[in-house]
Amino acid sequence: MAKGDPAVSSRGRRATPRSRRAAATGEPELVQLLTPTGERIESATGPDGTEYRVDFTDEEYRGLYRDLVLVRKLDAEATALQRQGELGLWASLLGQEAAQVGSGRALRSQDMAFPTYREHGVLYCRGIDPIMPLGLFRGVDQGGWDPNEFKFNMYTIVIGAQTLHATGYAMGVHMDGKTGTEDGEAVIAYFGDGATSQGDVNEAFVWASVFNAPLVFFCQNNQYAISEPLERQTRVPLYRRAGGFGFPGVRVDGNDVLASYAVTRHALDNARLGQGPSLIEAYTYRMGAHTTSDDPTRYRIASEVEAWQAKDPIARMKAFLYKQQIADDAFFAEVDEQARTEAVHLRERVLELPDPAPVSMFDHVYPHGSPELDAQRARFSAYMESFEGSVH
């Protein structure tokens, strides 16, 4: 998938101004380039007057669809593995594929991402082996990938903490003089709507703004902070919070992979050029549970889920490809088969993951070790060896 700058597309119609359409339908005002029925919109205007559009080749459109399907299938396999006792926990991205694939593909190779524990789609777009997060949730390692190699930080379980990590990193990028040009470096921090109530996130907003950090705050508003609905988190749209901290905000249709790409690429490019931070609110929906330890039927109704199913990100992309004759049944069948094969392979590899030796917990505490750590390792090893051949 390549990725030229957002530009006009020959496949699309001129949009009715979003504010007018939103008022007429009762839907929230947001940037959208692909409707739930697969109709292509040529351009959309953000709240600050920015015009968003994309121009992809047919192969790139098909590539986005392939990404969406593969990411969903691998995520479903991970959920099944947890239900069968093979993972301790899993946080599904079901319903949020477009927000993650769109923003993930908008990143340039030099950009750095700071995820939560749910950004499996972004991880996939960064070229990381999908088994890596499964090792973490199986409890055999702590993630396994090199953040510097893939420009994708380790998963963060503490809600909102990664926004501070991202802010510090972005401040360093700015101080190192890596901004101000088109090939500069930008940073993106992912978090959910519930995290916006955390002090960490608001502190990150303050520091990023004051120090003009090249940082995009990407909030996946999936409507629920575990069991708390959005209206218990805020009385105004989340993207408007950016104004109080002195930087721009925009709400995008998070189930629209094209709009998610266009908005994120624009924000990242502004950041790398030295224009400071911005906030993207990807308006989407968590179709499944918050994690596999959650029961969403206790706090939301079936009709709400059904309404969001009609906005499914994969279905709308498939409809678009059909209508524009970019893909046919053979292509869709081939993608489905690839997804099935990769999911089976992933399952086999997860089941083959070896359990770590208990003493390995000391291996990566310090890069060069320490006398105190060596002493602790020796005592622990002696303790474990004391059980050998005993009735215990």
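I take buried to mean under 20% relative accessible area, exposed over 50%, and partly exposed in between, with a 1.4 Å probe and protein chains only. I'm looking at a predicted model, where local features need pLDDT of at least 70 and side-chain atom pairs count only at pLDDT 80 or more, while totals for chains, interfaces and linings use all residues. Residues are numbered from 1 along each chain as its sequence is written, and side-chain values use heavy atoms, leaving out hydrogens and water.

**Helix α10**

I started with α10, residues 257-272. Helices here are DSSP runs of H or I with at least four residues, strands are runs of E with at least two, and both are numbered from the N terminus. I found 14 of the 16 residues of α10 buried, so the helix is largely enclosed by the rest of the structure.

Next I checked its length. The expected span is 1.5 Å times one less than the number of residues.

Then I looked at the ends. D256 caps the N-terminal end, with a side-chain oxygen 3.0 Å from the backbone nitrogen of L258. Just after the helix, G274 takes a positive phi of about 95°.

**Cores**

I counted a nonpolar core as a set of buried Ala, Val, Leu, Ile, Met, Phe, Trp, Tyr and Cys residues joined through side-chain atoms within 4.5 Å. The largest one has 69 residues, and Y65, L258, M317 and L321 have the most contacts inside it. Helix α2 (residues 58-83) gives the largest share of this core, ten residues. A second, separate core of 23 residues includes M171, V187, V201 and L279.

What does L258 touch, beyond residues up to four places away in sequence? With contact meaning heavy atoms within 4.5 Å, I got L33, L34, R40, V54, F56, Y61, L64 and M317.

**V201**

I moved on to V201, which lies in helix α8 (residues 199-210). It counts as buried because its relative accessibility is 0%. Leaving aside neighbours within four places in sequence, V201 is in contact with G160, T163, F191, A195 and T196.

**The whole chain**

Last, I zoomed out. The chain is divided into domain 1 (22-351) and domain 2 (361-392), with bounds from an automatic or database domain assignment. Their C-alpha centres lie 41 Å apart. Over residues 68-343 I noted 46% helix and 11% strand, with the end C-alpha atoms 14 Å apart.

Technical notes:
A polar contact is a pair of N or O atoms within 3.5 Å; within protein, one must be able to donate a hydrogen and the other to accept it, and residues adjacent in sequence count only if both atoms are side-chain atoms.
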